[in-house]
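Here is a friendly walk through one structure, from its surface to its core. Take a look at it first, and then read on.

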Amino acid sequence: WAQPPRAARSGRWRSYPLPADGDFPERDVDAAYAWFCTERNRGRPAGDRGRVTHFHAYMLQAELQNASKVSKRLLHAQRCE
């Protein structure tokens, strides 16, 4: 997860095409976000403080005329098992 020495673009270097609630069947959306739980929690025993229990995914959007004004929209709230 470390940023490579030469990122393709500035700012946040990882981006994923993620579905929002209502865009696809609920089962498909849950499966897409469950991957993050699986990746983070793999090899971490129950009770490890590094395990993820839940997270919210947001889409950030800047206005074209005023890039400093950013809004966010909740894409999905995920509970990790």
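## Strands and the surface patch

Helices (H or I, at least four residues) and strands (E, at least two) are DSSP runs, numbered from the N terminus. With those labels in hand, please keep in mind that this is a predicted model.

Which residues form a nonpolar patch on the surface? They are Tyr58, Leu60, Val70 and Leu74, and together they have about 410 Å² of accessible area. Strands E1 and E2 each supply at least two residues of this nonpolar patch. Tyr58 is found in strand E1, and because its relative accessibility is 40%, Tyr58 counts as partly exposed.

## The loop between the strands

Strand E1 covers 54-62 and strand E2 covers 70-79, with Lys69 in the loop between them. Is Lys69 buried or partly exposed? Its relative accessible area is 49%, so Lys69 is partly exposed; the cut-off for exposed is over 50%. Leaving aside residues up to four places away in sequence, Lys69 touches Gln61, Ala62 and Glu63.

In soluble globular proteins, nonpolar side chains tend to be buried together. Here is how that topic looks in this model.

The largest nonpolar core has 9 residues in all: Ala20, Val29, Tyr33, Phe36, Cys37, Phe55, Ala57, Leu75 and Cys80. Which element gives the most? That is H1, with 4 residues.

Helix H1 spans residues 26-41, and Asn41 is found in it. Asn41 has a relative accessible area of 7%, so this residue is buried, given that buried means under 20%. What does Asn41 touch, not counting residues up to four places away in sequence? Its contacts are Gly50, Arg51, Val52 and Cys80. Cys80 is also one of the residues that make up the largest nonpolar core.

Gln78, in strand E2, has a relative accessible area of 8% and is therefore buried as well. The side chain of Gln78 is joined to that of His76 by a polar contact of 2.9 Å. With residues up to four places away in sequence again not counted, Gln78 touches Asp30, Tyr33, Ala34, Cys37, His54 and Phe55. Among the residues of the largest nonpolar core are Tyr33, Cys37 and Phe55, so you can follow the contacts of Gln78 to that core, whose members are buried by definition.

## Salt bridges

How many salt bridges are there? The count comes to 2, where a side-chain nitrogen of Lys or Arg has to be within 4 Å of a carboxyl oxygen of Asp or Glu.

One of them joins Asp28 and Arg27, whose closest N and O atoms are 3.7 Å apart. Asp28 counts as partly exposed because its relative accessibility is 35%, while Arg27, with a relative accessible area of 67%, is exposed. In the salt bridge between Arg42 and Glu39, the closest N and O atoms are 3.0 Å apart. Arg42 is exposed, since its relative accessible area is 57%, and Glu39, at 28% relative accessibility, counts as partly exposed.

Definitions and conventions. Residues numbered from 1 in each chain as written. Predicted model: local features only at pLDDT ≥ 70, side-chain atom pairs only at ≥ 80, totals over all residues. Heavy atoms only, no water. Buried < 20%, exposed > 50% of the residue type's maximum accessible area, 1.4 Å probe, protein only. Contact = heavy atoms within 4.5 Å. Patch = residues over 30% accessible without salt bridge, like charges linked within 9 Å, V, L, I, M, F, W, Y side chains within 5 Å. Areas by Shrake-Rupley, 256 points an atom, 1.4 Å probe, with all protein chains shown as cover. Core = buried A, V, L, I, M, F, W, Y, C linked by side-chain atoms within 4.5 Å. Polar contact = N/O pair within 3.5 Å; in protein donor to acceptor, adjacent residues only side chain to side chain.
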